[in-house]
Amino acid sequence: MSRSRLFWAFSVILMLSVACSLPGIGASRHPQGAPATPTLPPPPTATPRADLPPALVETEPPLGSEISPQQGITFYFNQPMQRASVEAALQVGEGVSGRFEWQDDATVTFYPQTPFTPDSDLLLTLDSSAQAANGKGMARPVPVRFRVAGPLRLTQQLPAPDSGEVNPASAVVAAFNRPVVPLGGDPAEQPAAFSLDPPAQGRGEWLNTSTYIFYPEPPLYGGTTYRVNLNPALQSAAGTPLEAVAAWTFTTASPAVTGVTPDPGTPLALDAAITVTFNQPMNPSSVETALRLEGDGAPALQTAWDETFTTLTLQPQSLLRR
């Protein structure tokens with residue numbers, strides 16, 4: 001081959017090499033300036049652990065907590081279960097039956113057909129015959145314990161039962177052994193714990209979740225026996241009913257004068273005002289009707305009450321006789 005032909009062949013090869021290295025020639029075709037999209041490997045696929053036995057991982061309510069007699073108990077497993085085997089494996093107390101509701105293959109709730117015995121310890125056992133979908137059985141029986149709430153009981157009464165000489169303005173209080181209303185609940189939706197007989201006007205409220213107080217407004221009648229009747233529909237926040245309990249009674253103090261000023265044993269000024277103090281709020285009209293100043297030429301009296309209606313001031317309209 002002549003030198004000219006050799007030089008010409010070499011030049012063609014060089015030109016082809018340069019052309020292949022230019023953008024857009026010899027590379028994948030993408031829009032101008034856009035980088036090529038990398039090809040990512042597929043995400044790893046989760047492989048079920050078919051060798052693991054089933055296990056109870058949680059209950060609702062939590063183990064050992066107090067439950068209401070009719071409350072359902074939810075079981076959470078670590079993997080899908082054979083439903084029929086779980087239902088057959090759950091052992092409840094003697095004479096207790098119920099129904100099962102499955103949320104999915106790993107979550108089931110047991111509802112008692114009849115309420116659990118109040119104020120008792122409840123033991124449920126999930127034995128090893130419960131099987132997972134993979135055919136594995138429970139490694140060992142699992143005991144599940146709860147405390148069933150007892151009835152709602154009255155623990156304190158004020159005034160005390162059968163007490164006498166009670167101040168008619170005193171509040172009436174009932175306290176219970178467990179919560180009745182939710183903390184911070186709407187007062188308008190909360191039930192009254194009791195009523196009075198004879199009826200009394202006033203304002204009742206829950207001081208906390210288990211204590212109810214009634215403020216008589218105006219005060220109760222003096223010298224009257226009141227009966228406190230508990231609300232039979234009352235129940236605890238756990239759903240347990242009120243234990244049967246007799247109503248209690250108390251008697252308010254009879255109206256009485258507790259002091260007179262000036263002292264009746266000292267000389268009285270001819271224009272002096274007389275102050276009479278009572279042991280409880282009084283009905284002004286009934287007192288003024290029953291009040292009189294005896295003696296020849298006794299002047300008329302002007303009366304004035306304090307805001308609590310327990311203190312009466314008598315002012316003669318003219319000088320008293322010597």
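**Figure 1. Pro218 and its cis peptide bond.** Pro218 lies in the loop between β14 (211-216) and β15 (225-230). The model shown here and in the views that follow is predicted. Glu217 and Pro218 are joined by a cis peptide bond. Omega of this bond is about 5 degrees. Most peptide bonds are trans.

Figure 2. The loop in view runs between β9 (154-158) and β10 (163-166), and Pro159 is found in it. The peptide bond from Leu158 to Pro159 is cis. Its omega is near -5 degrees.

**Figure 3. Glu165, a strand residue with positive phi.** Most residues other than glycine have a negative phi. Glu165 has a positive one, near 55 degrees. The residue sits in strand β10. Its relative accessible area is 61%, so Glu165 counts as exposed, the cut-off being over 50%.

**Figure 4. Phe309, a loop residue with positive phi.** Phe309 is placed in the loop between β19 and β20. Phi of Phe309 is near 60 degrees, a positive value in a residue other than glycine. Phe309 has 36% relative accessibility and counts as partly exposed. That class covers values between the buried limit, under 20%, and the exposed limit, over 50%.

**Figure 5. The open sheet of β17, β18, β20 and β19.** Four strands make up this open sheet. Their order is β17-β18-β20-β19, and the pairing is antiparallel. The edges are β17 (257-261) and β19 (301-305). Each edge strand has a single partner, so one side of each is left without a neighbour in the sheet. From one strand to the next, the twist averages 20 degrees. Strands of a sheet pair through backbone hydrogen bonds.

**Figure 6. Bridges between β18 and β20.** Strand β18 spans residues 274-278, and strand β20 spans residues 311-316. The two run antiparallel. Four bridges join them. Which residue of β20 is the bridge partner of Ile274? The partner is Leu314.

**Figure 7. The edge-to-face pair of Phe194 and Trp248.** The chain holds eight aromatic pairs. One of them is formed by Phe194 and Trp248. A pair of aromatic rings is described by the distance of the centres and the angle of the planes. For Phe194 and Trp248, the centres are 6.3 Å apart, and the planes stand at 70 degrees. The pair is edge-to-face, since planes over 60 degrees apart fall in that class. Phe194 lies in strand β12 (residues 194-197) and Trp248 in strand β16 (residues 248-252). The pair therefore ties together parts that are 54 residues apart in sequence. Phe194 is buried, at 8% relative accessibility. Trp248 is buried too, at 3%.

**Figure 8. An aromatic cluster of five named residues.** The cluster takes in Phe176, Phe194, Trp206, Tyr212 and Trp248. Phe194 and Trp248, the edge-to-face pair, are both members.

Figure 9. Thr211 is placed in strand β14. Is the residue buried or exposed? At 15% relative accessibility, Thr211 counts as buried, because the limit is under 20%. Neighbours within four places in sequence are set aside here. The contacts of Thr211 are then Val173, Ala174, Ala175, Glu205 and Trp206. Trp206 also belongs to the aromatic cluster.

**Figure 10. Ala237, an exposed loop residue.** The loop between β15 and β16 holds Ala237. This residue is exposed, with a relative accessible area of 58%. Ala237 and Pro179 are 58 residues apart along the chain. Their C-alpha atoms are separated by 5.6 Å. Ala237 touches Pro179 and Val180, leaving out residues up to four places away in sequence.

**Figure 11. The whole chain, for context.** The chain has three helices and 20 strands. Of its 322 residues, 30% count as buried. The chain exposes about 20400 Å². Carbon and sulfur atoms supply 55% of that area. Among contacts with a separation of 6 or more, residues 24 or more positions apart account for 60%.

Terms used:
Residues are numbered from 1 along each chain as its sequence is written. This is a predicted model: local features need pLDDT of at least 70, side-chain atom pairs count only at pLDDT 80 or more; totals for chains, interfaces and linings use all residues. Side-chain values use heavy atoms; hydrogens and water are left out. Two strands pair if DSSP finds at least two bridges between them. Axes are lines fitted to C-alpha atoms, for helices over the stretch in contact, and angles run from 0 to 180 degrees between N-to-C directions. Buried means under 20% relative accessible area, exposed over 50%, partly exposed in between (1.4 Å probe, protein chains only). Contact means heavy atoms within 4.5 Å. Accessible areas come from the Shrake-Rupley method with a 1.4 Å probe; for residues, only the protein chains shown count as cover. Rings of Phe, Tyr and Trp (its six-membered ring) pair if their centres lie within 6.5 Å; planes under 30 degrees apart count as stacked, over 60 as edge-to-face and the rest as tilted.
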